[in-house]
Every structure is written in C-alpha cells, then in structure tokens.
Amino acid sequence: MQAACGHPAPARRQSLVTRLGLALACLLAFFVLAGCANTGKEPDPTVGWTAERLYKEAKDEMDTGNWTQAAKLLEKLESRYPFGVFAQQAQIDIAYVYWKDGSNAQALAAIDRFERLHPNHPSLDYMLYLKGLINFYQDSAFLAGLTRQDPSERDPKGARESFDAFKALAARFPDSKYAPDARLRLNYLVNSIAMNEVHVARLYLERGAYVAAVNRAQTAVRDFQGAPAVEEALYIMVLAYDKMGMTDLRDDASRVLSMNYPDSSFVKSGFQKESSPWWKIW
C-alpha cells in the first residue's frame, strides 16, 4: 500500500542510493583528476637549493646574458632566504638584471626598495649610480641621435630624476669610483634640463605668450648658470620684453647677454644659429 501511495519500494530506494553513490564517486574522481592535471607542471629543479647555490646559478646566467632566467633565480633566492648576505646581494643584482632585461620600471622599483631597506648599505653609491643611468638612457642624447630629436624637446622627467640621482651620489659619496662619471653626466644633464626650459620659452614666444616666455627663460638663467642654454634664454628675454614694450627690462637683459656672450650668434643672426646641436657634443 505504501508503494501505491507514492513511496518508493525498498528495492527502488536501494537502487537510487546506489546510483547517487556512483555519481558522487565519479564527481570526486573528476576533481581528483583535474587537480592532478593542474599540478602536472615540471617539478622545480631548484627546490632545496641553498641561498649560495641559487646566487651562483644566477651569476652564471648573468655572465651569459640570460637576464630573464637570472631574474627568476634571484627572485627565488630573495623569496626563500629573505635575510642574509646573499639576499642583500640579490636585491642589488636584480635591479641591474631587470634593467638589462628591458624592465626599467621594475629596475627602478627595486632600487627604491633597496634604498628604503638599506639606507646605509656600502653599495648604496652603486644603486644611486644605476638609478641615474637607467633614467639617463631613457632620456639620453644617444637616442636623439637616432630620432634626430633634440632631447630638450621631450618630457624632462627622466632627465631630472637622473640628475637627482647623480647629484645625490656626488654629494654623499664624493670618493666613490662612480662619482667621476656621475659628475660628467651631471654637466650634460644640466644643459639638457636648461634647454628644455628654453625650448618651452621659445614656443611661448612664438605664440605671443610673452610673460610665460620670460618666466621659463628666467628659470634657465637662474637655475642653470653657466649652461650653454643660458645664452638663448637671455636672448628670448630680450625679445619678449621688447614685444611687451618693457624697454628697461629689455635693455637690462640685453646688457647681461652682451657682457656674458659678447660674440653671441643669437644677437648676430637671431634664431638662425648655425652650429652642431649641443647634444651631439656629448
């Protein structure tokens, strides 16, 4: 009667339980196999390696120019052995490796992190030098030689950051073996940044924004005394003051220009100055 009232008979209940059990078993087997498939990667051969061995293998990869593999090994070293001499050296080397591998942003981030973690480390002079180099070559004259573009016409952010790094190196570590080259590059960067100010000032002058032209030219004169770009900055000031009818300020600027650049090609020929672009002198 129970079966007639809609309740399954004992045999039918047992059959249903059996089918459900088989379905669950199949489902469980599926997940197990899926898990095995997901973990079917090649085993990591570096498991169990000491910090010393990881560093040695990374150095070998660096020596052969395999920067990507070297970075992976250095990352593993720092992750597995975050403390100790090898970890610190890995933090130094990985910045260089990232740079050589074309990952400038990662390289600069690694340097900034190293500076925060080890503000008094003996290799901090090298890290500042590397920071300067990375930004220098991102915004260098060598690229301008290929593109025929004056580097002063590009965003000066990289040049300024390179300047700051080299300046900090020269000031904090004057006897560092990297300091002489840093000072040479500083001389280049001073004029690069000054020329950027002058380039913008000249654009303002051509567009009739004379006050803005004077302001940018004054920045070059004030902040970068002695840089070749100052000559053109003074000439722009003379022209802008003349356009605004400020004769006294025009004459003052003209007098300063004549005293410091008595043979100024700008005074003689205006902006038709014929000479090798300054950045090709580097």
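## Reading helices and rings in a predicted model

Student: Which residues of H2 are buried?

Tutor: In H2, the buried residues are Ala51, Leu54, Tyr55, Ala58 and Met62.

Student: What puts them on the same side of H2?

Tutor: Their directions from the axis cover an arc of only 95 degrees, so they lie on the same side of H2. That buried set packs against H3 and H4, while the face turned away from the buried side carries the exposed residues Glu52 and Asp63.

Student: Why does Tyr55 count as buried?

Tutor: Buried means under 20% relative accessible area. Tyr55 has 14%, so it counts as buried.

Student: Why is the pair of Tyr55 and Phe86 called tilted?

Tutor: Ring pairs are described by two things, the distance of the centres and the angle of the planes. For Tyr55 and Phe86 the centres are 5.9 Å apart and the planes are at 50 degrees, so the pair is tilted.

Student: What makes this pair a link between distant parts of the chain?

Tutor: Tyr55 is in helix H2 (residues 51–63) and Phe86 in helix H4 (residues 85–100), 31 residues apart. The structure holds ten aromatic pairs, and ring pairs also link Trp67, Tyr96, Trp99, Phe136, Tyr137 and Tyr188 into a cluster.

Student: How do you know that the charged end of Arg185 sits over the ring of Phe136?

Tutor: The distance limit is 6 Å from the ring centre, and the charge must also be within 35 degrees of the ring normal. The charged end of Arg185 is 4.8 Å from the centre of the Phe136 ring, and is listed as sitting over it.

Student: What makes H6 mostly covered?

Tutor: Twelve of the 15 residues of H6 are buried, including Leu124, Tyr129 and Phe136. Helix H6 (residues 124–138) reaches 21 Å from its first C-alpha to its last, close to the 21 Å expected.

Student: One more: why is Lys72 called partly exposed?

Tutor: Lys72, in helix H3 (residues 67–80), has a relative accessible area of 44%, so it is partly exposed.

Definitions and conventions:
Residues numbered from 1 in each chain as written. Predicted model: local features only at pLDDT ≥ 70, side-chain atom pairs only at ≥ 80, totals over all residues. Heavy atoms only, no water. Phe/Tyr/Trp six-rings, centres within 6.5 Å; stacked < 30°, edge-to-face > 60°. Helix = DSSP H or I, 4+ residues; strand = E, 2+ residues; numbered from the N terminus. Buried < 20%, exposed > 50% of the residue type's maximum accessible area, 1.4 Å probe, protein only. Expected span 1.5 Å × (residues − 1). Arc of directions from axis to C-beta. Contact = heavy atoms within 4.5 Å.
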